[in-house]
Amino acid sequence: MGTPVDGYLRHIMTMCAVERSGAVADYIPELTRVAPDGYGLSLCMHDGHVYSHGDSAASFTIQSIAKALTYAMVLTRLGPREVDRRIGVEPSGEAFNEISVDRARRPKNPMINAGAITAASLLLPQVRDLDDGAVDAAFDELVAFYSACAGRRLTLDEAVYRSEARTGARNRAIAYMLDSFGGMGAEPEAALDLYLRQCSLRVTTDDLAVIGCTLATGGVNPRTGRQVVSPEVAQRVLSVMTTCGMYDGAGDWVSSVGLPAKSGVGGGILAILPGQLGIGVYSPRLDAHGNSVRGIETCRHLSTDLGLHMFNVTRESRVTMRATYDIGEFGVGADWSERERGYLRTCRDRVRVYELQGDLTFSGAESAMRRLEADADDYDVAVVDISRTGVIDAVARTMVLTFKHSLEGRGLKAIVVDPDGVLRASVERHRYDQIVPDIVAPEALRGFDPTLPHVHGTMEDAVTDAEAFQLKQRYGRGEMFGGG
């Protein structure tokens, strides 16, 4: 059946799959050959765990998503001062392939074609008479960098590259226009060739999600542990993606989705929640802005349903697991018989306490519940202590209670310590929500249950509840506990 997170993602994809508007890109002949209904979705969490659904293993060309990575390369190589002298950072408010410069005759930002071609030129020797192998050498370095971000070796789609090279008149015009303004140190044809090659690298949604998480976590690839770019470069790239990554649709995107993002006409969208996760979506039908129709809708649902908008006022710290320990430090309850007390002393290590901290939203709840799932063979009872948790949003609350319900279905027990009534308050506040109605969940999620059994105000009560469960498992449902 999968985890609650898998349930959310399947539900979102089911809702968005009915959207069949838009059309595949046709100005690059090779892109017209793709299957128009392909659809993949991947999330990469800050620790490198990837959720993959749909056509997540299908490869497609990265296209304009490459602009963010090449911008990171030139920032790393030349520094922001020199790059700012050559490329602006202001939203253009124009289509991605407009011949667009500012008053200083710089491309307005690195996410439109003019800025991306300039960025590619900065990776080449700044001379007019290039050696024959200069573009090949620069491309090899670029592939190595992109691959380090993705955590695996990426390859070129030769057919798409040749198709773009044959039909790239508009991009060629942009390159020569920039050269006429003095914006090209390298030879324009060489810069254009490198730009077209970078756009023709093949990726999957898993790759995009890992790339996104690399930028989200300050430039560290979460799967390899390698520092690919500096935190300062990652911050700059995310900032420009926020304001410029979705072209002339950037304002609507920031207000409704609220994630740094970059789209490509190959059908991909890369989106990022800083500090927490990366998202990769693929669906090749495009809207008038050149953005994936399903990809946009998918990201809207992810942001709204999972509370991922980066300006969400409730935002948890990345580490939400404060401590874990067994109940060996707690004395056995005095109300049990001597036989029961003797048994309970032998299994204190089978009750594990997990202390959570911080405001709990999707990312923190996902990490915590995955940790509890990984440890499930090591306990009979998991006690989740949320006494240091300030806010639990609707999605996190659903995940906690759904996990509790799933444990009970396996003959285990989950108990919550909630001295301030945070969980109860969340259930009350969101009791009429229907965020993801097809997720398996206890009745407390379907209609408000003010009693919330096995949710206690003190750790002592939780330990007593855990002991009762262990005794029931040991001696049977009909046993009367205590009293000899």
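## Terms and model

Two strands pair if DSSP finds at least two bridges between them. Helices (H or I, at least four residues) and strands (E, at least two) are DSSP runs, numbered from the N terminus. This is a predicted model, in which local features need pLDDT of at least 70 and side-chain atom pairs count only at pLDDT 80 or more, while totals for chains, interfaces and linings use all residues. Residues are numbered from 1 along each chain as its sequence is written, and side-chain values use heavy atoms, with hydrogens and water left out.

## The β2-β1-β8-β7-β6 sheet

Five strands make an open sheet in the order β2-β1-β8-β7-β6, with antiparallel pairing. Strands β2 and β6 (261-263) stand at the edges. Each has a single partner strand, so one side of each lacks a neighbour in the sheet. On average, neighbouring strands are turned by 10° against each other, direction ignored. Axes here are lines fitted to C-alpha atoms, for helices over the stretch in contact, and angles run from 0 to 180 degrees between N-to-C directions.

Strands β1 and β2 run antiparallel and are joined by five bridges. Glycine 40 stands opposite glycine 54 in β2. Cysteine 44 has valine 50 of β2 as its bridge partner. The β1-β2 hairpin has four residues between the strands, and its glycine 48 takes a positive phi near 95°. On to β8 (residues 277-282): β1 pairs with this strand over six bridges, again in the antiparallel sense. Leucine 41 is bridged to valine 281 there.

Three bridges link β6 to β7, and the two run antiparallel. Lysine 262 stands opposite leucine 270 in β7. Four residues separate β6 and β7 in their hairpin, where glycine 267 in the turn has a positive phi of about 105°.

Six bridges join β7 to β8, also antiparallel. Alanine 271 has isoleucine 279 of β8 as its bridge partner. This hairpin has three residues between the strands, and glycine 275 takes a positive phi near 85°.

## Covered strands

Burial is defined by relative accessible area: buried means under 20%, exposed over 50%, partly exposed in between (1.4 Å probe, protein chains only). In a regular strand the side chains alternate between the two faces of the sheet. In β1 (residues 40-45), six of the six residues are buried. Gly40, Ser42 and Cys44 lie on one side, Leu41, Leu43 and Met45 on the other, and both faces are covered.

Strand β7 (residues 268-273) also has six of its six residues buried, so the rest of the structure largely encloses it. Gly268, Leu270 and Ile272 are buried on one side. Ile269, Ala271 and Leu273 are buried on the other.

## Histidine 53

Histidine 53 sits in β2 (residues 50-54). Its relative accessibility is 11%, so it counts as buried. Its side chain makes a polar contact of 2.9 Å with that of aspartate 6. A polar contact is a pair of N or O atoms within 3.5 Å; within protein, one must be able to donate a hydrogen and the other to accept it, and residues adjacent in sequence count only if both atoms are side-chain atoms.

Contact means heavy atoms within 4.5 Å. Leaving aside neighbours within four places in sequence, histidine 53 is in contact with Asp6, Leu9, Arg10, Met13, Gly40 and Leu41.

Another open sheet of five strands has the order β9-β10-β11-β12-β13, with mixed pairing. Its edge strands are β9 (321-326) and β13 (455-456), each pairing on one side only. Strands β9 and β10 (residues 351-357) run antiparallel and share five bridges. Methionine 321 is bridged to leucine 356 in β10. Helix α14 packs on this sheet, touching β9, β10 and β11 (381-388), and its direction makes about 20° with that of β9.

Helix α14 (residues 362-374) also lies across β1, β2 and β8, running at about 80° to β1.

## Nonpolar cores

A nonpolar core is a set of buried Ala, Val, Leu, Ile, Met, Phe, Trp, Tyr and Cys residues joined through side-chain atoms within 4.5 Å. The largest has 69 residues; Phe145, Tyr146, Leu194, Val237 and Met241 have the most contacts inside it. Helix α5 (residues 134-150) gives the most to this core, with 11 residues. A second, separate core of 57 residues includes Ile12, Ala368, Ile386 and Ile392.
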